[in-house]
Amino acid sequence: MIRLKRDYKIYLYCLLVAAACLSICSKSSPLYPINDWTDANAYFTCGKGMLKGMVIYRDLYEHKGPMVYALHALCALITTQSFLGVFVMEIIVVSLFLMAVYKLLTLYGAKRSVWVLLPVAAALTLSSLSFYSGDSTEELCLPMLAWALYYLLRWQRLRAPERMPAKTLIAGGLLAGFVLWIKFTILGFFIPWIAGLFIYHLLRGQARQAFACVGWFLAGIGLATLPWIVYFGVNSAILDWLRVYIYDNLFLYSNTETLTLAHRIKAMLLAAWDWVVKNPGYSVPLAAGAIWFSVSKRYTTAEKLWLWNLILCLGVGVFIGGKPYEYYGFIFSAFAAVAALPLCLLLDRMMGERKLPALLLSGGLFAASLLYCFTVSMNAKYLLEPREDTMQYRFAAIINEVPNATLLNYYFMDAGFYTAANVAPSVKYFHYTNVPLAEMMDEQNRYLAEGVTDFVVTRGYQPDWITDRYTLVATEPTVEDIWYDAVYLYERSDLLPPA
């Protein structure tokens with residue numbers, strides 16, 4: 001009972017820390033006019049499409065995992081007119097991550113220092129460049145990896161050499177299954193997680209326990225997969241699901257397919273180094289914490305091997321494409337407890353059993369963490385910007401003059417125009433993704449030629465013959481963070497009043 005009461009208090013604290021830091025760092029926050037990141041908008045637009053009865057991959061082309069869009073459909077149930085639902089989801093996700101950090105730190109002996117350092121851990125990770133605008137797949141996967149790390153190290157510290165309990169193995173499989181259907185490149189983390197358990201028991205001559213571990217783990221993955229088999233099966237879209245999410249991502253998305261092994265390794269290392277250099281606020285503490293963990297006599301050789309295998313295998317999966325996208329490395333925040341552990345032990349020794357110093361330090365660092373977020377986050381400069389000053393809502397004012405208007409985001413990724421205008425997609429290729437699919441361009445051109453949608457947004461790269469069906473009605477400059485200079489809104493000519 002006492003433990004439940006303590007966990008209840010810490011979870012409320014994690015919610016508070018997550019909400020406070022995300023309010024400043026995530027563009028999904030109500031303090032921002034809109035989250036204009038293309039990925040976040042694509043997820044939300046697909047979620048709205050699902051609520052309209054459209055089936056992902058069959059009726060809407062996007063290439064992340066189905067769980068991403070289903071979660072955003074749930075967010076859209078709160079409201080389809082803003083990212084408020086996404087912001088609520090982010091608070092839950094980050095608070096679950098912080099709770100896992102708390103559990104792991106206390107497992108290794110940290111006490112009051114955890115309350116002091118949780119806001120610091122949140123601020124360092126959420127204000128980083130790799131957090132980007134908020135609502136990445138890496139952010140969604142963060143609690144999955146953090147809790148799986150805790151389950152594994154707890155077993156190693158408290159239960160080994162006994163077999164991990166079946167319920168924990170199923171939980172680990174469920175977490176792996178969630179990651180599988182969000183972004184499968186992050187699954188590298190779970191390879192040493194389960195393979196290590198298998199090998200551990202085999203080396204001890206416990207073949208039955210080894211295979212039992214794998215069986216219960218796969219059962220968890222199966223439970224996470226079953227809803228999607230039912231969903232796509234009922235909608236006759238299993239082939240669409242597997243073709244887009246598996247085939248297109250593996251064979252079309254990566255830009256390094258033709259590289260030699262040596263060049264691929266070089267591209268991976270450069271991408272990883274790019275993440276380290278651009279995110280020193282938490283990449284350096286993570287590296288220092290991992291090294292300290294490795295040399296400290298407090299931890300067993302097995303624990304050290306687990307940690308480094310998890311880090312290395314996760315890194316291979318994340319960076320194997322050789323693409324230095326800033327947000328890819330954010331998933332390494334799952335190891336935040338490793339970075340905080342030496343500081344926690346030091347702080348606990350300094351504070352002793354005195355409650356007042358811990359309380360004052362905790363409050364002071366909470367405030368300092370929020371100030372750090374405000375100072376460092378690349379998004380903070382857009383805090384409290386009026387909606388009417390954004391290109392998305394300027395276009396929305398025009399689009400909403402047409403009842404039940406339809407929209408096409410032509411030849412570039414969804415930049416928030418569907419969200420601002422509160423329009424659900426009406427065509428399969430509602431925006432242009434990074435997957436080099438010839439059918440995508442052909443279909444978008446057909447939409448233009450046939451005047452399929454009422455409005456078209458372009459970034460200045462459109463065919464001259466667009467004027468056969470559409471008339472340019474507005475132009476807006478983009479913000480400095482976007483790589484194209486302006487956006488253009490075309491309205492189907494037959495919808496305009498006679499000249």
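A residue is called buried when its relative accessible area is under 20%, exposed when over 50%, and partly exposed in between (1.4 Å probe, protein chains only).

**Figure 1. Ala121 in helix α5 of the predicted model.** Ala121 lies within helix α5, which covers residues 113-126; helices (H or I, at least four residues) and strands (E, at least two) are DSSP runs numbered from the N terminus. Because its relative accessible area is 13%, Ala121 counts as buried. Val101 stands 20 residues away from Ala121 along the chain, and 9.1 Å separates the C-alpha atoms of the two. This is a predicted model, in which local features need pLDDT of at least 70 and side-chain atom pairs count only at pLDDT 80 or more, while totals for chains, interfaces and linings use all residues. Residues are numbered from 1 along each chain as its sequence is written, and side-chain values use heavy atoms, with hydrogens and water left out.

**Figure 2. The open sheet of four strands.** The strands follow the order β1-β2-β4-β3, and their pairing is mixed; two strands pair if DSSP finds at least two bridges between them. β1 (407-409) and β3 (470-477) are at the edges with a single partner strand each, so one side of each has no neighbour in the sheet. On average, neighbouring strands of this sheet are turned by 20° against each other, direction ignored. Axes here are lines fitted to C-alpha atoms, for helices over the stretch in contact, and angles run from 0 to 180 degrees between N-to-C directions.

**Figure 3. The pairing of β1 with β2.** β1 and β2 (residues 455-458) run parallel and are joined by three bridges. Within β2, Val457 is the bridge partner of Asn409.

Figure 4. Helix α18 (residues 438-450) lies across β1, β2 and β3, and runs at about 140° to β1.

**Figure 5. The setting of these views in the whole protein.** The protein contains 18 helices and four strands. Its C-alpha trace spans about 80 × 55 × 45 Å along the principal axes. Of the 499 residues, 57% count as buried. Among contacts between residues at least 6 apart in sequence, 75% join residues at least 24 apart.

Technical notes: Contact = heavy atoms within 4.5 Å.
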